[in-house]
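Let's take a walk through this structure together, one contact at a time.

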Amino acid sequence: MTAAGAGSRSPRVSLLITCLGDMFYPEVGVGIVRLLRRLGVSVDFPKGQTCCGLPLFNSGYRAEAAAVATRTVRLFRDAESVVVPSGSCAWMVKHEYPGLMPDAALRDEATALAGRTHELSQFLVHVLGRTEFESAVKGRITYHDSCHLLRGLHEAETPRAILRALKGVEFVELAGADECCGFGGSFSVRLPEVSTSILDRKLASVEATGARCVVACDAGCLMQMSGGLSRRGSSVRALHLAELLGDAAT
Amino acid sequence: MSTRAEFMGRLRAELAKTSGLFPAAVSERPAAPAALADTIRRELSERWPATLERFRSEFERVGGVLYRVPAHADVAAVVARIARERDARRLISWHPALLGFDVAPSLRAANIDVTAMPRSADAEDDPRLRDVVAAADLGLTGVDLAVAETGTLVLVSGGGRPRSTSLLPAYHVAVFDRSVLVESLAQVGVFLEAWHGDGHPPADGGAINFITGPSRTADIELTLTRGVHGPREVHAIFVEAAPGG
Amino acid sequence: MSEPDAVLATPFRQRAERALHDDFLQQALTIATTKFIDLRRQAFREFPEGDALRDRARAIKEATLQRLDRYVDQLVDNVERLGGHVHFAASADEARDIVVEIGRRAGARMAVKSKSMATEEMHLNAALAAAGITPVETDLGEYIIQLAGERPSHIIAPAIHKTKGQVAELFERELGRAVPADPEALTRVARAELRDKFLQADMGITGANFAVADTGTIVLVTNEGNGRMVTSLPRLHVAVMGVEKVIPSMTDLMVFLAILAKSATGQKLSSYTTLVRGPRGAGESEGPQEFHLVLLDNGRVRQIAGPLREALSCLRCGACLNVCPVYRQIGGHAYGYTYPGPIGILLTAMLNGPASVKDLAHASSLCGACADACPVRIDIPRMLVELRTEVDEQRIAPWSERVVFKTFAALLGRPALFRLAAPVSRVLQRPFADGRRIRRLPFFFGRWTATRDLPAVAPRTFSERWIELEDGR
């Protein structure tokens, strides 16, 4: 199924940018908007978004997370599809939102929302049917499976399908790709030494591949990995999948 | 110390508070396990060579050594060879009536001490017997089930077939024929149901041991060592002659 | 409720840090956990029925729990019918007293023990020794740590943190024997030392992996043979078992046997699976003359209707430890309680209450590798989050943390205020930003920047840029 042809309405996506994406990686969001438009998808951005609530939820502040989730469900109620550039936030919406809703009506809404919410790579591959894109980078790359995308949304294939099809790029598997990078949200600052030693193990694997960049579909993982790479003065970059897609460039 | 009533009362009170996490059922059990076990035996008797081959492969995988001999009369020679190769001179064995053959004459002729375990429990915890058992290098047993899926020997304890024969000596030698071969753990389950239910166990002792290779540990730096407390080698001698023949 | 360790006097974060700086531990953990992971993966790769059996196992545990009273009654009746005795312990203290009393009444002077986490829970050894009954651990790893006066650091490989050199030194010091630092030689020494103990002991103490209600059988899964020794040679056998280990039938047992060893060590079956029923049979000249089963509650029963119910399905295989990124970095001792690793946090809460895990509940990145590896599919991360909620609700978490999170939550509900967060951050970060990177931050945030750079808040957030993008629609 590809983007609409002449005469039919183009698919419409509402972007859930995520708090980290909004504050720290806006260029990734901008690239995604351009990419989707190039693919014939119209994009809107429901205003008043803040956060999906996962940090509150994971730290056990369930009632507070439920309030944020309820707000978000209402914000996206008119969305045709929701695209989320982060596996953990997509998981939060799809997996946890329904159980957090205060009443049956909202629960139904949240369940419906979950059904039409997609992590970016899953949207590109499963909904738009696209795996081939121009590459914005060259050389050897590798991929880190973020925990919520891999184990929460059971997705290991869509990002790899896209990366393998990029021309001019040599994709190599990362040893221990499915192992945590050590971010874990507040874990990264509650137990910073443990978080860093987990990160060191991850970065050692990355460096062992000889790749010029490690790709992930989660802003938290990217913050953690790029934070470590930058601190050690490495030339290896940690990039969001969207940053590799040439169609996303200006 | 709580009484049974107090403990069960507490348990029931908690159980009453919830219907559980999700609908779930325990395993369906065979209605007539003894009959089912007989059927399994009959069907397996047709294809015992394939089952034996699978057993061999798994048994060797866990470090066992398998031998094949034509008849019971040939068992003693194999045991003597195993003993000679290891400089082992003292053998204890299940009572010959339970094994269906007696290795003592041939082995004694080969200078191996043989002590058969007494049939009845009159030899009440004879300390001399215990010393003999503790000093033995070789233990000779039969087999109640040989499981191909895992290379496992199942031994039931009882009078004349004590637990220690397959446990204390450094070398365990087990003799079996096609009648005890089974394919899978699931089939073992049927036999266990039958033995405890509407069938008869091979013996009425308090212990059933599943033996899968020699005793082992990797507790020191994950280095595999054999013969920690139990035997360091397990040998199995398959007698090809059809049972009863 | 078991007594807290002296270890717990040090805060968890410090215990973790200490472990991170222990070079040998780091090496040992990497080698051991990687090996166990590979072995388990290989075993299940060759076992396509494995996934379906795991679902079956999970269902059997849940179904059994739903009628646990019936199955416990059946088990007790069968054990007694076979001439065994059953005792009921509401707490670890009670269980400890029961076992010691059984030993005393039998005039026992020495007890050989086969590995039992349940007896670790109740600190049984100290009580036995105080009553004049010398306890001897016979599982090689447990024997080593007993000599060293330590606690186990892994559920199935208790001495994983020790080098062979350390073991050799230990044997020399405690046994007065000079042994080369070679696992074969060390094992031979242990075999000889312990063989005597097995033969002389008056009492054998074990745990139980399962108890089959239909037949009154207890099941021990071991590799070394000590489980068999302990249940065959001494005249008295006492088995201590958490009440949740009961399973209905032999048919059910096969399902668990098919997946337990594979999950723990990658073996199809462990070297020995021992099914023992009561004291010796009528015709036997070997085997215990007295058999006692001690059924243990110690916080388990309360969870039947509690948030940690799923954790009652645990088979104690250790698979979750091996895959846990936190356990793999800090090892078992840093957790400070009997049970380490992901399931250990839940079991600690079960046995000692939620306050005992106010730090441990956060010793997880919630990566989910544990739930993936668990043979009975226990959703450990979900329960860790619930424990965190309980810690917050009971105000066990520090008030400063609660203030931060509640403020954050309030901000997320007020977009107008949230919109100010970016410009305010941009001002605050100015002294620390070096281009788009921040290398150093003060106070609490220094925890991140001590080891990692941070991206600066963007000059314009996505929301701020949307105005230009909007028209492209």
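Start where chain B meets chain C: ten salt bridges are counted between these two chains. Keep in mind that what you're looking at is a predicted model.

Which parts of chain B do the touching? Elements that give two or more residues to the side facing chain C are helices H1 (4–16), H3 (48–61), H7 (127–135) and H8 (185–196), plus strands E9 (207–211) and E10 (216–217), all of chain B. The largest share, eight residues, comes from H1(B). Sort that side of chain B by class and you get 30 nonpolar, 28 polar and 21 charged residues.

How much area goes into this meeting? A handy bit of background: interface size is often given as the accessible area lost when the parts come together. Between chain B and chain C, about 7,600 Å² is buried, and carbon and sulfur atoms give 56% of that. In residues, the contact takes 79 from chain B and 104 from chain C.

Now zoom in on a strand. E9(B) pairs with strand E9 of chain C (residues 272–276), in the antiparallel sense and over five bridges.

Next, follow chain C over to chain A. Here 64 residues of chain C are in contact with 62 residues of chain A. The area buried between these two chains is about 5,600 Å², with 61% of it from carbon and sulfur atoms. Eight salt bridges are counted between chain C and chain A, and one of them joins the side chains of A:Lys47 and C:Glu470 (3.3 Å, N to O). There are also 36 residue pairs in polar contact between the two chains, both residues at pLDDT 80 or more. Which element gives the most to the side of chain C that touches chain A? Helix H18 of chain C (residues 399–412) does, with seven residues. By class, that side of chain C has 30 nonpolar, 14 polar and 20 charged residues.

While you're on chain C, notice how it is divided: domain 1 covers 11–301 and domain 2 covers 415–471. Their centres, taken over C-alpha atoms, are 54 Å apart.

Chain A has its own pair of domains, with domain 1 at 3–127 and domain 2 at 139–248. For these, 22 Å separate the centres, again over C-alpha atoms. Each domain of chain A puts 26 residues into the contact between them. Together they bury about 2,100 Å², 65% of it on carbon and sulfur atoms. How many salt bridges link domain 1 and domain 2 of chain A? The count is zero, though ten residue pairs are in polar contact (both at pLDDT 80 or more). On the domain 1 side, the elements giving two or more residues are helices H1 (19–24), H2 (26–38), H3 (54–58), H5 (87–100) and H7 (120–127) of chain A. That side has 13 nonpolar, nine polar and four charged residues.

Methods:
Residues numbered from 1 in each chain as written. Chains lettered and ligands numbered in written order. Predicted model: local features only at pLDDT ≥ 70, side-chain atom pairs only at ≥ 80, totals over all residues. Heavy atoms only, no water. Contact = heavy atoms within 4.5 Å. Buried area = accessible area lost by both parts, 1.4 Å probe. Salt bridge = Lys/Arg side-chain N within 4 Å of Asp/Glu carboxyl O. Helix = DSSP H or I, 4+ residues; strand = E, 2+ residues; numbered from the N terminus. Nonpolar A, V, L, I, M, F, W, Y, C, P; charged D, E, K, R; others polar. Pairing = 2+ DSSP bridges. Domains from an automatic or database assignment. Polar contact = N/O pair within 3.5 Å; in protein donor to acceptor, adjacent residues only side chain to side chain.
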